[in-house]
Amino acid sequence: MRRQVAFAGILIAVIGVTAHLAGQAPAQPVLRWGGDAAGGAPFVQADSHDLNRLVGFDVDLAALIARELGRRPEFVQITFQSLDQSALRGDFAIGLSGIENTAARRRMVPTSIPYYEFKEVLTVRAADRDRFKTLADLGGRKVATLSGTIAADILGRTAGVIATPYDDDVYPYSDLAIGRVDAVLLDHLLADRAVRREKGLYTHPGAVATSQYVVIVSPKHPGMLDLVNDILRSAMRDGRLEAILRKQPGVWNDDQPKLFQAMTASNATQGETGPRLSWFETTRAFFPKLLKAAWTTLWLSCLAMVGAVVVGIGIAVGRVYGSRSTRLMLTTYVEVMRGTPILLQLFVIYYGIASVITLDAYIAAVLGLGLNYAAYESEIYRSALEAVSTTQLDAARVLGLTEGQVLRLVRAPQALRTALAPMTNDFVALLKDSSLVSVIAVPELAKQTQIFATNMGSWIIPGLMCATLYLAMSLPVAYVARRLEARWKAPTTA
Amino acid sequence: MSTVLQVRGLWLRRGTRDILSGVDFEAARGELLVVMGLSGAGKSTVLRAIAGLEKLDGGEVHINGVELTAGLRTAASAALRRTIGMVFQSHSLFEHMTALDNVCLAQVHVLRLPRAEAVARARALLDQLGVGERADALPRELSGGESQRVAIARSLAMDPSLLLLDEPTASIDPARRNDLGLSLRRLAATGRALVLTSHDGDFVREHATRLVILAEGRIVEVGEPRKVLDSPLHPATRALLQRPAY
């Protein structure tokens, strides 16, 4: 579970697998198990002494299951939010990564009996511990969580609070500490770790809800589910599971023996799947959310584009008319913004400079997209300005216009006509690139579609609806641009 | 005759090449002075230098008391441009504006005339030049001759005492050159000085009041047009006459 440093996991997975292949005889069959190494302790994380090794109770449990099956465990790195879909595709046989036992998941993918019980707990700034005791105290306030979790569902159902889903489990707490959100609702294991890491946070002891972690099993491996359940029960009875959980500090508690007893006493299975919603009901439930997310995408993109155009014009004019040092500075800006990933820029603006200036997520999103696109816009305007023939400019100068007037009345209007088509292109590209802002907890259309698809267990309807909404936003832009171009070509009256 | 334009020792160097090497001439009110020369002789450069579009390396230009010298460009040229109009060979009408707006632009933004007055003056000028009915057309919808007349109207809107025209005969067919010549003579008669470049000997014979021959950045002959062209003294003038006018 849970992403800590997004890229580290993939790196570890690649190195780990390579090291495994190099170090072991290929004779023993492998058990491919999926998890997200970016999730961190105590689930799956890189060993601080040996980055090629993974540690965590999910790692130990996967090893135990593999051993019982007479196989060698082989780790497959999968993004936390994609684990269910990956299991369905058959990318791995079993998945462990602090995966929650939810009805929606049970409907979609085979899940084992629970092996750990946890509490959903509310963490607030220590100064607010008496003010914000329950979710009911947080009306109109932002409460952060990890997207695609039970906690996110609870927040989504709680009227009044502004649910703020993140893609990872570290930034909700750091944003809580600096005041971007007022509370975090997540698993107590994550909350405990966060409170140790961040100063000034307090976790209320009461549970908002309880749930369990389960192993998901790929339907491409028939019979595997029963084997996993048997192994879990036997490990619960003989203390091996307890030993694994006790290895990680703060994980073992009194709730676990009760869970073990319940799971081993009866022939209990994974639990009820609950009433299954038809695709129509799911779609009806998600459609308003998609529309809202599309609206976010639209206004975010429009604001970012306005910013990009204004800054882009400034840069272009500076590069055409400025002094040598101005030109050098602006060229550097353009090359840096174009030469580094926009994702990195968003992280820097939102998290990187948070200790200096704490920007609201939406403002950071508009700034990040706007400043990045300004670099591209400026190149369009610069070449458009330079495409206006020098005799046009000379003609204007001879008429007595000042350089400022020449730019404003003659050069810029003609350049704008050249720039319109590439600008339209850029706006459509920006509309789509705006999906990247979900990394800084802005719930836009692509992210909402992903949540929709996870709930539905299929990408077909969510994918089609998402594509339709993006097209509905981009096609009118192209239409207006074509109309403008046509109008500028036609004769006009003074 | 009062002198409008005085050019003294005009010198222009680009890289290691001397484009103009000491050009002297004058133009008075009512005069229609033509500068002729082979391609590359520096004709257009002389006009651009007078209009303040080129940095001078030596010499000076006086126009109605305003002086332009080497090393001085922007400040002096701003004042200078108020008294000069220039019609480029390509006409260089502002492509995003109608003919009428081309003529109004500087009246509104330089002379600060109210828009209505600027429009009235522009329409009168376009009518006078025979393109009144093309006022609402965009430059790319105009023929070569029409856009030339709009460009002349645009310059005249600033009421310049000196009008420079670069190759005005090049963009119109021979049959209409006489009309152009008559129009230009009428303009000169209103008290302006006209300086133009041309390749067309017949046109020059018919309409110019004085002819200057330029060769390799120097003036090699000056005089009454028919006299200069009928009995050329300098090899450059003779070479010029052997070329077909285009």
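Reader: Why are Glu386(A) and Arg382(A) said to be separated by about one helical turn?

Author: This is a predicted model, and in it the two residues sit four residues apart in helix H14 (residues 361-387) of chain A, which means about one helical turn lies between them. An α-helix has 3.6 residues a turn, so residues three or four places apart point the same way.

Reader: What makes the meeting of Glu386(A) and Arg382(A) a salt bridge?

Author: The N to O distance between their side chains is 3.7 Å.

Reader: Is Glu386(A) called buried, exposed or partly exposed, and why?

Author: Partly exposed, because its relative accessible area is 46%. Buried would need under 20% and exposed over 50%.

Reader: Staying in H14, why is Glu379(A) given another label?

Author: Glu379(A) is in helix H14 of chain A too, but its relative accessible area is 17%, and therefore it is buried. It touches Arg319(A), Val334(A) and Arg338(A), leaving aside residues up to four places away in sequence.

Reader: How do you know that Asp182(A) and Arg125(A) form a salt bridge?

Author: Their closest N and O atoms are 2.6 Å apart, and the limit is 4 Å. The pair links distant parts of the chain, 57 residues apart: Asp182(A) is in the loop between helix H6 (171-177) and strand E9 (183-187) of chain A, while Arg125(A) is in strand E6 (residues 116-125) of chain A.

Reader: Why do Asp182(A) and Arg125(A) get the labels they do?

Author: Asp182(A) has a relative accessible area of 12%, and Arg125(A) has 16%. The line for buried is drawn at under 20%, so Asp182(A) is buried and Arg125(A) counts as buried as well.

Reader: What makes the bond between Asp200(B) and Arg177(B) a salt bridge?

Author: Their side chains meet at 2.7 Å, N to O. Asp200(B) lies in the loop between strand E8 (193-197) and helix H7 (201-207) of chain B and Arg177(B) in helix H6 (residues 174-189) of chain B, so the pair ties together parts 23 residues apart in sequence. With 6% relative accessible area, Asp200(B) is buried, and Arg177(B) is buried at 10%.

Reader: How do you know that chain A and chain B touch?

Author: The contact takes 23 residues from chain A and 30 residues from chain B. Together the chains bury about 2200 Å², with 60% of it on carbon and sulfur atoms.

Reader: How many salt bridges cross that interface, and how many polar contacts?

Author: The rule finds one salt bridge across it. Arg48(B) and Asp394(A) meet in a salt bridge at 2.9 Å, N to O. There are also six residue pairs in polar contact across the interface. Helix H15 (390-398), helix H16 (403-433) and helix H18 (460-489) of chain A are the elements that give two or more residues to the side of chain A that touches chain B. H15(A) gives the most, with seven residues.

Reader: Which residues make up the network that includes Asp394(A)?

Author: Asp394(A), Arg397(A), Glu403(A), Arg14(B), Arg48(B), Glu54(B) and Asp57(B) are linked in a network of salt bridges. Over all chains the structure holds 37 salt bridges.

Reader: Why is H15(A) called largely enclosed?

Author: Because seven of its nine residues are buried. The buried ones are Gln392(A), Leu393(A), Asp394(A), Ala395(A), Ala396(A), Arg397(A) and Val398(A). After H15(A) comes Gly400(A), with a positive phi near 100°.

Reader: How do you know that Gly463(A) isn't buried?

Author: At 26% relative accessibility it counts as partly exposed, because buried means under 20%. Gly463(A) is found in helix H18 of chain A.

Reader: What makes the surface patch with Leu344(A) nonpolar?

Author: Its members are Leu344(A), Val348(A), Ile353(A), Val356(A) and Ile357(A), and it covers about 430 Å². Val, Leu and Ile are on the list of nonpolar side chains, and a patch residue must have over 30% relative accessible area. Leu344(A), in helix H13 (residues 342-352) of chain A, is partly exposed at 44%.

Technical notes:
Residues are numbered from 1 along each chain as its sequence is written. Chains are lettered from A and ligands numbered from 1 in the order in which they are written. This is a predicted model: local features need pLDDT of at least 70, side-chain atom pairs count only at pLDDT 80 or more; totals for chains, interfaces and linings use all residues. Side-chain values use heavy atoms; hydrogens and water are left out. Patches are made of residues with over 30% relative accessible area and no salt bridge: like charges are joined within 9 Å, nonpolar side chains (Val, Leu, Ile, Met, Phe, Trp, Tyr) within 5 Å. Accessible areas come from the Shrake-Rupley method with a 1.4 Å probe; for residues, only the protein chains shown count as cover. Buried means under 20% relative accessible area, exposed over 50%, partly exposed in between (1.4 Å probe, protein chains only). Contact means heavy atoms within 4.5 Å. Buried area is the accessible area (1.4 Å probe) that two parts lose on being put together, summed over both. A polar contact is a pair of N or O atoms within 3.5 Å; within protein, one must be able to donate a hydrogen and the other to accept it, and residues adjacent in sequence count only if both atoms are side-chain atoms.
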